[in-house]
Amino acid sequence: MKIAVIGSGIAGLSASWYLGKEHEVTLLEKHPLVGMDAHGTDLSSNGNFVRVDVPFRAFKRNYYPCLLELYEEAGIEVRPVDYSFSLNYGDGTTYFGFSTLGIGNNFVPIPYLVCFSNKTSRRIFSDAIRFYEESERELHSLDGEQLTISQFLSRFGYSIEFEDLYLIPMFSTINTCTSESAKNYPAEAVIGYHSQGLKFLRFLTPLKGTRDVTEKLSKGASSVRLSTDPKKIVLEKDKVKLLFDNGEEYFDRVVVAAPANQAISILPNEYTREKELLSKLKYEASEVVTHSDDSFMPKNKKHWAPMCFSLSQDGSSATATILLNKVLPSMKGKDVFQTWNPLVQPKEENFISRSKFERPVIDLASQKTLAELKNLQELPDRKVWLCGSYARYGIPLLEAGVSTSLDVKRWVEQSIKR
Ligand SMILES: Cc1cc2nc3c(=O)[nH]c(=O)nc-3n(C[C@H](O)[C@H](O)[C@H](O)COP(=O)(O)OP(=O)(O)OC[C@H]3O[C@@H](n4cnc5c(N)ncnc54)[C@H](O)[C@@H]3O)c2cc1C
C-alpha cells in the first residue's frame, strides 16, 4: 500500500514508523525540518556545539508506555533528567521548591527550608503530599462524576494556596495554557498525570536529544518530503488524491497527523462532521524563548532549580524557566535559559531564539467530542484518518501522539483486510 502521512510531529513520526513496516510510507512536512525538531536551536557552548531542543521535553516512565516502547524499538536511548523545581513570586522570592537525589530510576526529593518557614508554604507542602498520595482514590470515590480540577480541589478541601500557588501555575506553564484553562482541565486528566502515588520516578529525556529521535523514527518512511504541504485531500473511488500547489499525487491511504486546527482545511469535503468536531477543540498560543537573561531566575541562587516557575506580579499567570545547564550535560560555562510563556521579554543582548507554538486545551466537553471523532474513525470504508496528541482525552503530550498513531495503524490494517 502507498500511504501518505501528513505532519512529522511525534504522531506522524510514530505513524510512519509503524505503518512503514508493511507499507510504502511518504512522510510530508510543511517545515524545512522534521516537525518534532523544527524549532531546535544550535548553540556554541565553551567551544562545543550544542543542539538545544525547543521545547526541551521530558517524560515519566509510568505515564508514557507507548512512547517508551516506540523509542526502545527504534533504538532511541533515554537518560534520566533532574526535573526538580522551585516556585517563585513575581519579585523573585521563592516560596516552595526541592532539590533531588537521583537513585536508579527513582529520586529522593529534598524540600527547601522555605517550604517550612511560613504558613502558606507549609499548607502547600501538606496538600501536595496529600494530592500525590490520595487524589486518585478521591477521584474514584466520585463514581464517574466529571469535575474540573478546580472543582475537584474545592470538593475535597484542598487549600486555595495549593491550587493557586502550586498546581495551577505548574500545570498552566507545563501545558502552556492560561490559568483559567488549567483550572478547567478535567480532574481525571490532571490526576492521571500528576498523581500516581508518592513514587518519585525520575523524568527521562532522549540521551542524544530530539534530533536523534527524528532521525531514527523517520527511517520508518520510504521517503520524507520537507517543505511540502498538501492543500487538500480528495477522496476518489479507490484512491486518495493529495493536491499540492504544484500538482497532485495518488495514495491508497492517508494519515493526517497535523494539529486539529490545521487539519480542518485539508480534510476531504465529505468529512463535514469530523471538521465540526475538530473545530470544537480549543487551541492557545504560546511562546518559548531561549536566552541568557538571569533576571528570569529566583533572587536566591540556591533556588535556581532545573525548572523555575514564577508568578506574575498579580499572581494571575505564571511562566517557567528551564536552566539548560542543569538538564543538558553538554551545556558548559555561561548559563542559558529556556522560558515558556514569558511574561516579559529577555534583554536584547541576552536573546538567543524565539518560537511560537499552539497547543490544544482539553476541557470536560472534549471527552464527548473526541469520543465521537474516534467512533467516526472506526467506521468501515475509510481511507483517511487523523491522529495527534490532541486526539486522546487527557493531556496533549507525546504519549497521546504515539497512542493515537497506534489506533490509526490498527484502522489502516483493518481497512486493508476488508
Ligand atoms: C513549550 C512546550 C513544552 C512541551 N513539553 C512537553 C514535555 O516535556 N513532554 C511531553 O510529553 N510533551 C510536551 N509538549 C507537548 C508535545 O510537544 C506535543 O504534545 C507533541 O509534540 C504534539 O505532537 P503532534 O505530532 O500531535 O503535533 P505537532 O508536533 O504539532 O506536529 C504536527 C506537524 O504537522 C505539520 N503540518 C501541519 N499542517 C501540515 C500540512 N498541511 N502539511 C504538512 N505538514 C503539516 C506541522 O508543521 C507539525 O510539524 C510540550 C509542548 C510545548 C509547546
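Here are a few notes on the backbone and the ligand shell of this predicted model.

1. Ground rules. Numbering starts from 1 along each chain as its sequence is written. Because the model is predicted, local features need pLDDT of at least 70 and side-chain atom pairs count only at pLDDT 80 or more, while totals for chains, interfaces and linings use all residues.

2. The cis bond. Most peptide bonds are trans. The one from Val54 to Pro55 is cis, with omega near -5°. Pro55 sits in the loop between β4 (48–52) and β5 (59–60); strands here are DSSP runs of E, at least two residues, and helices are runs of H or I, at least four, numbered from the N terminus.

3. Positive phi. Thr176 is not a glycine, yet its phi is positive, about 40°. You'll find Thr176 in the loop between α5 (160–174) and α6 (179–183). Asn341, also not a glycine, has a positive phi of about 55°, and belongs to the loop between β19 (337–340) and β20 (351–361).

4. Burial. Thr176 is buried, with 21 other C-beta atoms within 10 Å, and Asn341 is buried with 23 (buried means 20 or more such atoms within 10 Å of the residue's own C-beta, placed from the backbone).

5. Ligand shell. The ligand is surrounded by 37 residues (C-beta, placed from the backbone, within 6 Å). The closest are Gly7, Gly9, Gly35, Ala258 and Leu397. Elements giving two or more residues include α1 (10–19) and α13 (398–417), and α1 gives the most, with three.

6. Between domains. Domain 1 (2–60 + 66–71 + 208–281 + 362–417) and domain 2 (77–204 + 283–361) both give residues to the shell, so the ligand lies between them; the bounds come from an automatic or database domain assignment.

Technical notes
A residue is buried if 20 or more other C-beta atoms lie within 10 Å of its own, exposed if 12 or fewer, and partly exposed in between; C-beta atoms are placed from the backbone.
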